[in-house]
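Dear colleague,

I am handing over the structure below, together with some notes on what was found in it. Please read the notes with the coordinates open beside them.

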Amino acid sequence: MAVRISEVAKLTGLPISTIRYYEKSGLIPDEYMRRDSNHYRIYESDIVRHLDVVKTCLAVGFSIQDVKSMIAKQGLTREEQTRILRDKIAELEEAQHKLAAAKRSLTDILESSIWCEKGFGKH
């Protein structure tokens, strides 16, 4: 089943301009898109799943180049992709630990009743 770009935008929650940008950036391989006789973009229905993966990867901090490498036919092996994903998970876990420590520090400050009329942190 083939769908037009407006339908892809609705199904993915992406603006049409972003879909076009992904095409130009190489995040949408040619296998997902063709042109009809009027030169309108026609996408294969599995483009939605593909774009969901792209969105997720970009949202967690992968660069466009990272994602392009992971989806390229001549790109990374399954083992390399697994390693990259595990490395990103470890990176996110480290960021979570740092954020949790920062939250604890701010909570400690809040609970220490440092409020005074002279300003924040002044006695």
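How are helix 1 and helix 3 oriented to each other: roughly parallel, roughly perpendicular or oblique? Before the answer, please keep in mind that this is a predicted model. Helix 1, which covers residues 5–12, packs against helix 3, residues 47–59, at an angle of about 50°, and their axes are 10 Å apart. Roughly parallel applies to angles under 35 degrees and roughly perpendicular to those from 65 to 115, and the two helices are therefore oblique to each other. Their crossing is right-handed. On the side of helix 1 the contact is made by Val8, Leu11 and Thr12, and on the side of helix 3 by Ile47, Val48, Leu51 and Lys55. Sorted by class, the residues of this contact comprise five nonpolar, one polar and one charged.

Helix 3 also meets helix 4. The axes of these two helices come within 10 Å and cross at roughly 140°, which makes helix 3 oblique to helix 4. The crossing of helix 3 and helix 4 is right-handed. Here His50, Val54, Cys57 and Leu58 of helix 3 meet Ile64, Val67, Met70 and Ile71 of helix 4, and this contact has seven nonpolar residues, one polar residue and no charged ones.

Helix 2 deserves a separate look. Within its residues 16–25, Ile19, Tyr22, Glu23 and Ser25 are buried, and what covers the buried residues of helix 2 includes helix 1, strand 2 (33–35), strand 3 (41–44), helix 3 and helix 4 (64–71). Just after helix 2 comes glycine 26, which takes a positive phi of about 85°.

As for the chain as a whole, the protein chain has five helices and three strands, and along the sequence these follow the pattern β-α-α-β-β-α-α-α. Of its 123 residues, 24% count as buried, while the accessible surface of the protein chain comes to about 9,100 Å², with 54% of that area belonging to carbon and sulfur atoms. Among contacts between residues at least 6 apart in sequence, 44% join residues that are at least 24 apart.

Technical notes:
Residues numbered from 1 in each chain as written. Predicted model: local features only at pLDDT ≥ 70, side-chain atom pairs only at ≥ 80, totals over all residues. Heavy atoms only, no water. Axes fitted to C-alpha atoms, helices over the stretch in contact; angles between N-to-C directions. Helix = DSSP H or I, 4+ residues; strand = E, 2+ residues; numbered from the N terminus. Parallel < 35°, antiparallel > 145°, perpendicular 65-115°, else oblique. Left-handed = near helix turned anticlockwise from the far one by under 90°. Contact = heavy atoms within 4.5 Å. Nonpolar A, V, L, I, M, F, W, Y, C, P; charged D, E, K, R; others polar. Buried < 20%, exposed > 50% of the residue type's maximum accessible area, 1.4 Å probe, protein only. Areas by Shrake-Rupley, 256 points an atom, 1.4 Å probe, with all protein chains shown as cover.
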